Every structure is written in C-alpha cells, then in structure tokens.
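I opened the notebook to go through this structure piece by piece. My notes follow.

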Amino acid sequence: NKALEIYLKLFKTEKNNLNLLYLIGTIYVQSKKPELSINYFKQALKIDPNNLKCLNNLGGAYYEVNKYNEAVYIFEKLLNLNPSDKNAKKNLANCFAGLKRFEKALQLYKNIVKENSDDFVAYNNIANIYKRLNNYQEAINNYKKCLKINNKYTLAYNNLGELLCTLGLYEDGLKMYHQLSLINPEYNKIT
C-alpha cells in the first residue's frame, strides 16, 4: 500500500501527529491487519483521549483480535462521551456476545431494536443469542422478524435453516436453504 509507505515515512519525523496516527491505524484495519493498528490508535489517544474516531477504531480493532474485554472498556468509554452512538451500542453488544455474556448482549440488542425496529441485523443477533441459550422458539421468532424486515438477508436464512435442521425440522430448514439459493445462486456451489 503506497499510502501506508508514505505515512510510515512521515511517522518517523511526526510521531505526535494525531491525524497521521489515525490514518496509519485505519489503513491497517482496512488491510485486515487490526493487530497492527492498535498501537497507533493508542498513541493517538494519548494525544487526544476523547477522540471518538480513534476510540471507535481501537474498540473495533480489539474486537477483531478477540480482545473483547479491552473492546468493552473502549466502547463503554465511547458511549459515555457520545451516548447516541448506535454503532458503539452494537459493537458493545457484539463484545458481550463474544465474551459469552449472553444476557447482557441480549439486553443491549433489545434496546437497539427498541430504538430502531427496522434493525434486521440486531434481530438476527438476538436470534443467535436465543439459540445459544437453547431458547429455540425465540430464536426462530427473531430470525423471522429479521427476514420480515429484509427478505434478502442471506445470513438469517442460513442461520434459520441450520437451526430448523438441527431441531429435526428438515423440510422447513430446506425451505430456508432454497430461499437462500434463490437469493444467492453461489450458495448451491458451496453446499
């Protein structure tokens, strides 16, 4: 990445440049190397501890490398600074799910759908948690809510199909997989 090369050269002489630190960290995140971004975001936050963009990206980087506790701390700080940040709320819920603190994650996702009843991804995530908690009927109900909002969301068809087949409801599960294959013909090549 040519931009990264230039920024890293500049970094040698401008180690306290907040924007430069943010840009380098962001390039590493976009390059699927979040572990390399963490130190740059942390350095940027030493300069401006309340920088919302750096906090968000640092929390995301921690999440991507499965450092959920660190990510929780960052997203909670971000929400203290900006309580209306919807992405931070979703990311915090994802972190609690990653920590297997399902009740806390479920509470956060439910708050998210109270604020935005069209958030189909949140319904999918609620369903996933209910599935993990062995509350299969609630899982099914929430997958269906997700699909009612977005009938092209292939992940929900896959998740619901898998759950139905696991429960021995093969015909219903196969219907979900059929819907999935109609939306994404590549799916037939995968299975």
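Where does K12 lie? I found K12 in helix 1, residues 2-13. Helices (H or I, at least four residues) and strands (E, at least two) are DSSP runs, numbered from the N terminus.

**Ground rules.** I am working with a predicted model, where local features need pLDDT of at least 70, side-chain atom pairs count only at pLDDT 80 or more, and totals for chains, interfaces and linings use all residues. Residues are numbered from 1 along each chain as its sequence is written, and side-chain values use heavy atoms, with hydrogens and water left out.

**Overall.** I counted twelve helices and zero strands in the protein. From the N terminus on, the elements run α-α-α-α-α-α-α-α-α-α-α-α. The C-alpha trace spans about 65 × 40 × 25 Å along its principal axes. Of the 191 residues, 41% are buried. Here buried means under 20% relative accessible area, exposed over 50%, and partly exposed in between (1.4 Å probe, protein chains only). I then looked at contacts (heavy atoms within 4.5 Å). Among those with a separation of 6 or more, 35% are between residues 24 or more positions apart.

**Surface and charge.** The accessible surface comes to about 11200 Å², and carbon and sulfur atoms hold 49% of it. Areas come from the Shrake-Rupley method with a 1.4 Å probe; for residues, only the protein chains shown count as cover. I noted 27 positive and 17 negative side chains, with the centres of the two sets 3 Å apart. Lys and Arg count as positive, Asp and Glu as negative; His and the chain ends are not counted. Each charge is placed at NZ of Lys, CZ of Arg, CG of Asp or CD of Glu.

**Patches.** Back to K12. Together with K2, K9 and K15, K12 gathers in a patch of positive charge on the surface. Patch residues have over 30% relative accessible area and no salt bridge; like charges are joined within 9 Å, nonpolar side chains (Val, Leu, Ile, Met, Phe, Trp, Tyr) within 5 Å. A salt bridge is a side-chain nitrogen of Lys or Arg within 4 Å of a carboxyl oxygen of Asp or Glu. K12 has a relative accessible area of 64%, so K12 counts as exposed.

I also found a nonpolar patch on the surface: Y136, L167 and L169, with about 230 Å² of accessible area together. L169 sits in the loop between helix 10 (154-166) and helix 11 (170-183). L169 is partly exposed because its relative accessible area is 38%.

**Positive phi.** K32 is not a glycine, yet has a positive phi of about 60 degrees. I placed K32 in the loop between helix 2 (18-30) and helix 3 (34-47). K32 is exposed, at 70% relative accessibility. N134 is not a glycine either, and its phi is positive at about 65 degrees. The loop between helix 8 and helix 9 (136-149) holds N134. At 51% relative accessible area, N134 is exposed.

**S117.** I looked up the loop between helix 7 (102-115) and helix 8 (120-132), where S117 is found. S117 is partly exposed, with 45% relative accessible area. Not counting residues up to four places away in sequence, S117 touches Y123 and I149. From S117 to A156 I have 39 residues in sequence and 16 Å in space, C-alpha to C-alpha.

**K89.** Is K89 buried or exposed? K89 is buried, because its relative accessibility is 16%. K89 belongs to helix 6, residues 86-98. Leaving aside neighbours within four places in sequence, K89 contacts L79, P83, S84, I112 and E115.
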